[in-house]
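Hello,

Here is the structure I promised to pass on to you. Please have it open while you read the notes below it.

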Amino acid sequence: MSTLLGTALVGLAQDPPAQKQINAWVQELSDDRFAVREAAQQQLVKHLGDSLPALIQIAETPNTEQFASESSDAVLQFLGIIAQDALSDQGKLAYGCLTRISQERTTQRAIMAQKIIQSIAVEMRQQALDRLERVGVVCADRHLSVLTQLRDVKNALVIDEQFTGTEDDLALLPWLFDVQFVKLEGSAVSRTMLEKIVSLPQLRSLQVIETNLRSEYLRPLLLAPDMDPI
């Protein structure tokens, strides 16, 4: 039996923790003793399906007498850990919570959430680069032909015949927050791949060369005010 399956079966055999128990674990997240904090984290992860909604509610509720500011800060840090699993539903929920808090006015909570999000972004960017490199895609400064001229392009992402992965390997593309130029070349480029490329948050220029993409797939890009398909 795999560890994952065994954990799932154990979870089925246990009753979900009561709100009182979850609150106790939350308070222990800010305990002075490392062992107590670690045990509380493990319990919250073990029961994440039940504890995450409660944690989000606690994080988004102003401090009450029940939870000291230290506990609220610890919840934000814990959500940051969960949010690093960016492709999971739970990771997305945690990240969404942190994003909402970060958009509050310049409160201490908002500042902390902003710092956590920045840290997650740096970590996830590196994970994205590592995964892409394993399948033949490297993000680097390049000397490329752009609009018939050779130009130095910073952080250029090129996906061509050297790509050995699948479309799933592009799932972390939205975390490449500093990529503005992408070059797609070759028959392996698909419509789904194009849609994932367009999800890059700072994409400004897209070069498409000798692909099997139909012109209607590219037409919406021509209408985007910040895009320069070339």
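Below is what was found, going from the whole chain down to single residues.

First, some ground rules. This is a predicted model, in which local features need pLDDT of at least 70 and side-chain atom pairs count only at pLDDT 80 or more, while totals for chains, interfaces and linings use all residues. Residues are numbered from 1 along each chain as its sequence is written, and side-chain values use heavy atoms, with hydrogens and water left out.

**The whole chain**

The protein chain has nine helices and five strands; helices (H or I, at least four residues) and strands (E, at least two) are DSSP runs numbered from the N terminus. Starting at the N terminus, the order of elements is α-α-α-α-α-α-α-β-β-β-α-β-α-β. There are 230 residues in the protein chain, and 40% of them count as buried. Buried here means under 20% relative accessible area, exposed means over 50%, and partly exposed lies in between (1.4 Å probe, protein chains only). Among contacts (heavy atoms within 4.5 Å) with a separation of 6 or more, 56% are between residues 24 or more positions apart.

**The cores**

A nonpolar core is a set of buried Ala, Val, Leu, Ile, Met, Phe, Trp, Tyr and Cys residues joined through side-chain atoms within 4.5 Å. The largest one has 57 residues, and those that touch the most other members are L79, L98, L157, L176, V182, I197 and L200. Helix 7 (residues 108-134) contributes the most to this core, with ten residues. A second, separate core has five residues, including L144, V153, V158 and F181.

Setting aside neighbours within four places in sequence, I197 is in contact with L157, I159, L173, V182, L184, L203 and L206. L176 sits in the loop between strand 2 and strand 3, and is buried, with a relative accessible area of 0%. Beyond four places in sequence, L176 touches R125, A128, L129, L132, L157, L200 and P201. From L176 to L129 there are 47 residues in sequence, yet the C-alpha to C-alpha distance is 8.0 Å.

**A pair of helices**

Helix 2 (residues 19-28) and helix 4 (residues 48-60) pack at about 65 degrees, with axes 10 Å apart. The axes are lines fitted to C-alpha atoms, for helices over the stretch in contact, and angles run from 0 to 180 degrees between N-to-C directions. The crossing of helix 2 with helix 4 is right-handed, a term used when the near helix is turned clockwise from the far one by less than a right angle, with anticlockwise being left-handed. Helix 2 brings Q19, I22, N23 and V26 to meet D50, S51, A54, L55 and I58 of helix 4. Sorted by class, this contact holds five nonpolar, three polar and one charged residues. For that count, Ala, Val, Leu, Ile, Met, Phe, Trp, Tyr, Cys and Pro are nonpolar, Asp, Glu, Lys and Arg are charged, and the others, Gly among them, are polar.

N155 is in strand 2 (residues 149-159) and is buried, at 16% relative accessible area. Its phi is near 55 degrees, a positive value in a residue other than glycine. The side chains of N155 and D178 are joined by a polar contact of 3.4 Å; such a contact is a pair of N or O atoms within 3.5 Å, where within protein one must be able to donate a hydrogen and the other to accept it, and residues adjacent in sequence count only if both atoms are side-chain atoms.

E210 also has a positive phi in a residue other than glycine, near 50 degrees. E210 lies in the loop between strand 4 (205-209) and helix 9 (215-223) and counts as exposed, at 67% relative accessibility.

S190 is found in the loop between strand 3 (181-185) and helix 8 (191-198). The side chain of S190 makes a polar contact of 2.4 Å with the side chain of E167.
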